Amino acid sequence: MNIRERISQNPGPLGQFADYGEGYFVFPELEGKIGPRMKFRGKEVIFWSANDYLGLCNHPEVLETDAAAAAEYGMFYPMGARAMSGETDKHKELENNLAEFVNKEAAYLLNFGYQGMVSIIDALAGKDDVIVYDIDSHACIVDGVRLHMGKRFTYQHNDMESFAKMMERADRIAKENNGGILVISEGVFGMRGQQGKLKEIAAFKEKYDFTFLVDDAHGFGTLGQTGAGAGEAQGCQDAIDVYFSTFAKSMAGFGAFVAADKEIIKYLKYNMRSQIFAKSLTMPMVIGGLKRLELLRTRPEIKAKLWENVEKLQSGLKKRGFNLGDTNTCVTPVILQGDPVEATIMVKDLRENHGIFTSIVVYPVIPKGMILLRLIATASHTDAEINETLDAFDAIHDKLKTGVYKRQAEALNVDYKPI
């Protein structure tokens, strides 16, 4: 079978929904400034699918700083890779400030979060090393591990008994190969909202010698007393050897950073292929990043408002009988039963009849057999928007209980296969 025949017969677990859902459930087009209210297909909706936790994307100081930096430098400067011609004092200033904020010796800016994590894993783990990582890890971690030429083991999600078994195997193999162990967890699992068990994992350092890498994309800016993330919240930031976060969440931008001791950061600067062979992070995002980090550090009331909104939304949904799993972060997953087509009908009802826009998540983003709606509260949402959303979920709850959506899904007769 040639490649064209294969892709024709098997479009993939998400691709099978292309004809049914493209432009609506997947690749939807939203209009207007990112915020609690946007437009979808000409109608205003309350928007719960932005990761703009702290509401900085339209903060007046951020907009002013971004505009001034773009006017001064354009969107291309600096033109080369950091190692060739892309180094500036502003890049180093932001790195120093980020390192201090997350309590590490040094930091290094990355162009993008996804490729950054892939490249960090590729640089850190050699062929004689063993990787141990959570089975529910984000795709960027999975893809980074795929590049690894040595052994790798997954442990069951947040399951320390499973983790212990994998560490025993990893330790034996690493010693046989004269290699090391790289353990990877997320600080916050971005779909189901649980914090990774960082403190429990860190305790294994008493028994095993390993390097601990944490992807804290959803924890940075939202967790911990200062907002320094899941490690700070759990009191184990010092035990995290390599700390990573993207700017695409709390920092309302693009790019990312990695922080660690000076030796590790020096090594990564000279060995991360995604940075050595890629253009430097553009100056407007670097200068804008300095302003965003300043707001994170000096305006604790923004994070406080975020958590006030999170608690109102999550407690309201629980009171209405919805299953939010065991989230203990700003991620609000509404976990559903049934098949994905039934869930899409419910989502359409929310959007068309109640003006509520939330994302539907299915495999391969989450494990097979699971369906959830993910709501991301931000500091910008108002009480009125939260209450209106809860009223909408009140209405759909009755339809779920009485099987309205299930009957509508059966009538559609969509050929869904849980690939």
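Predicted model: local features only at pLDDT ≥ 70, side-chain atom pairs only at ≥ 80, totals over all residues.
Lysine 348 sits over the face of tyrosine 24, 5.8 Å from the ring centre. For phenylalanine 40 I noted arginine 351 over the face, at 5.3 Å from the ring centre.

**Entry: ring pairs**

How many aromatic pairs does the count come to? I get 14, taking centres within 6.5 Å as the rule. To describe any one of them I need two values, as a pair of aromatic rings is described by the distance of the centres and the angle of the planes.

I picked phenylalanine 101 and phenylalanine 220 to look at. Their ring centres are 5.6 Å apart and their planes stand at 85°, so I put the pair down as edge-to-face, since planes over 60 degrees apart count that way. I also checked where the two residues lie in the chain. Phenylalanine 101 belongs to helix 4 (residues 89-101), while phenylalanine 220 is in the loop between strand 8 (211-215) and helix 9 (230-234). The pair links distant parts of the chain, 119 residues apart.

I stayed with phenylalanine 220 and found phenylalanine 257 as another partner. Here the centres are 5.3 Å apart and the planes are at 65°, so this pair is edge-to-face as well. Phenylalanine 257 lies in strand 10 (residues 256-260) and phenylalanine 220 in the loop between strand 8 and helix 9, so the pair ties together parts that are 37 residues apart in sequence. I noted phenylalanine 257 as buried, like phenylalanine 220.

Next I traced an open sheet of three strands, and wrote its order as 11-14-13, with antiparallel pairing. Which are the edge strands? They are strand 11 (331-336) and strand 13 (359-361), each of which pairs on one side only. From one strand to the next, I have the twist averaging 30°.

I followed strand 11 against strand 14 (residues 371-376): the two run antiparallel and are joined by six bridges. Along the way I marked proline 333, which stands opposite arginine 374 in strand 14.

Last, I looked at what lies across these strands. Helix 13 (residues 300-319) lies across strand 11 and strand 14, and runs at about 15° to strand 11.

How values were computed
Residues numbered from 1 in each chain as written. Heavy atoms only, no water. Phe/Tyr/Trp six-rings, centres within 6.5 Å; stacked < 30°, edge-to-face > 60°. Helix = DSSP H or I, 4+ residues; strand = E, 2+ residues; numbered from the N terminus. Buried < 20%, exposed > 50% of the residue type's maximum accessible area, 1.4 Å probe, protein only. Lys NZ or Arg CZ within 6 Å of the ring centre and 35° of its normal. Pairing = 2+ DSSP bridges. Axes fitted to C-alpha atoms, helices over the stretch in contact; angles between N-to-C directions. Contact = heavy atoms within 4.5 Å.
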